[in-house]
Amino acid sequence: MLIKKPQPISATEITPEAVYKSRRHFMQATAGLALAPLYANAAIGKQLKFTSATHYTVSETKTSLEDVTHYNNFYEFGTDKYTPAERAQALTVSPWSVAIEGEVKKPGVFTLEDILKPHSLEERIYRLRCVEGWSMVIPWIGFPLGDLLKRFAPTSKAKYVEFTSLQRPEEMTGQQRGVLDWPYQEGLRMDEAMHPLTILAVGLYGEVMPKQNGAPLRLVVPWKYGFKSIKSIVKIRLVEQQPVSTWAKSIPSEYGFYSNVNPQVDHPRWSQRRERRIGEFGKRDTLMFNGYADEVAKLYTGMDLRKNY
Ligand code: MTE
């Protein structure tokens with residue numbers, strides 16, 4: 001269940017312990033991985049202010065850092081769950097730039113530092129439910145996508161947001177095969193993008209984003225199937241027409257634009273009623289909108305969610 005704490009908690013009250021604990025856990029779990037604490041990351045560290053702890057959380061146990069960082073979908077580094085943890089270490093994430101294009105009054109190509117500078121980061125513990133039938137609970141570090149979009153002044157024609165991942169086959173060796181139409185792309189309707197639950201994440205478990213989880217910048221949309229949460233973003237384009245996302249292009253009969261977690265609408269090849277939480281035995285019921293119905297159901301009032309899957 002989503003709990004919104006009414007008052008923001010200041011950094012001085014809570015960050016040191018939270019960071020300390022998660023860092024210690026992190027160091028134990030990932031010894032040997034080329035990761036650095038947020039504050040020590042050369043590319044972004046100086047501009048990051050880890051200002052607040054969890055305003056958004058769930059009452060369930062967090063998935064272990066080991067599972068979060070070693071059971072990944074990142075087709076740019078292979079189609080199985082285990083190779084991204086290894087192969088993604090070849091990815092160069094600094095320098096990094098992001099193009100903001102399309103229906104905005106202030107387009108441009110920005111360094112990651114410029115993208116992050118005005119934003120305060122916070123930790124948000126969200127469920128992530130994969131379309132394949134497994135789920136995790138992950139403490140992300142990020143900021144609302146809507147705050148970023150507002151900075152670039154969307155025009156009245158901006159109805160959707162299209163996101164594009166990096167295409168660099170020499171490092172992303174999975175792109176040397178045509179398993180998907182590269183680069184990976186995703187989209188959101190403008191109101192979904194502006195919703196306060198939608199974040200751009202730059203870290204997890206108190207640390208800079210592991211490469212296999214989509215470093216340095218990824219989307220997290222907790223009420224949608226995991227594939228909407230696009231990794232390693234290099235372009236954000238505001239558009240008038242509904243974008244075609246990679247999975248919908250690849251298998252349109254199975255993947256639609258909306259991809260809201262919905263236990264009542266089966267995937268054509270399997271039920272979506274239940275899910276396996278990684279690290280736990282047995283299965284649990286999948287919740288409508290992944291448990292975020294109170295926050296997001298109103299975005300879809302009057303829509304037939306069977307047609308708009
Ligand atoms: N983004 C890119 N660029 N490429 C991908 O293959 N996989 C998606 C999503 N984002 C994917 C992606 C899928 S299917 C899921 S379930 C989530 O990332 C997994 O995120 P995680 O590995 O951090 O748990």
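Visitor: How do the residues of the lining of the largest pocket divide into nonpolar, polar and charged?

Guide: They divide into 18 nonpolar, six polar and five charged, where Ala, Val, Leu, Ile, Met, Phe, Trp, Tyr, Cys and Pro count as nonpolar, Asp, Glu, Lys and Arg as charged, and the others, Gly among them, as polar. This is a predicted model, in which local features need pLDDT of at least 70 and side-chain atom pairs count only at pLDDT 80 or more, while totals for chains, interfaces and linings use all residues. Residues are numbered from 1 along each chain as its sequence is written, and side-chain values use heavy atoms, with hydrogens and water left out.

Visitor: Which strand gives the most to the lining of the largest pocket?

Guide: Strand E6 (residues 134-144) does, with four residues; a strand here is a DSSP run of at least two residues, numbered from the N terminus.

Visitor: What makes glycine 279 count as buried or exposed?

Guide: Its relative accessible area is 61%, and exposed means over 50%, buried under 20% and partly exposed in between, with a 1.4 Å probe and protein chains only; glycine 279 is therefore called exposed. The residue is found in the loop between strand E13 (274-277) and strand E14 (284-285).

Visitor: How far apart are glycine 279 and serine 135 in sequence and in space?

Guide: These two are 144 residues apart in sequence, yet 9.6 Å apart in space, C-alpha to C-alpha.
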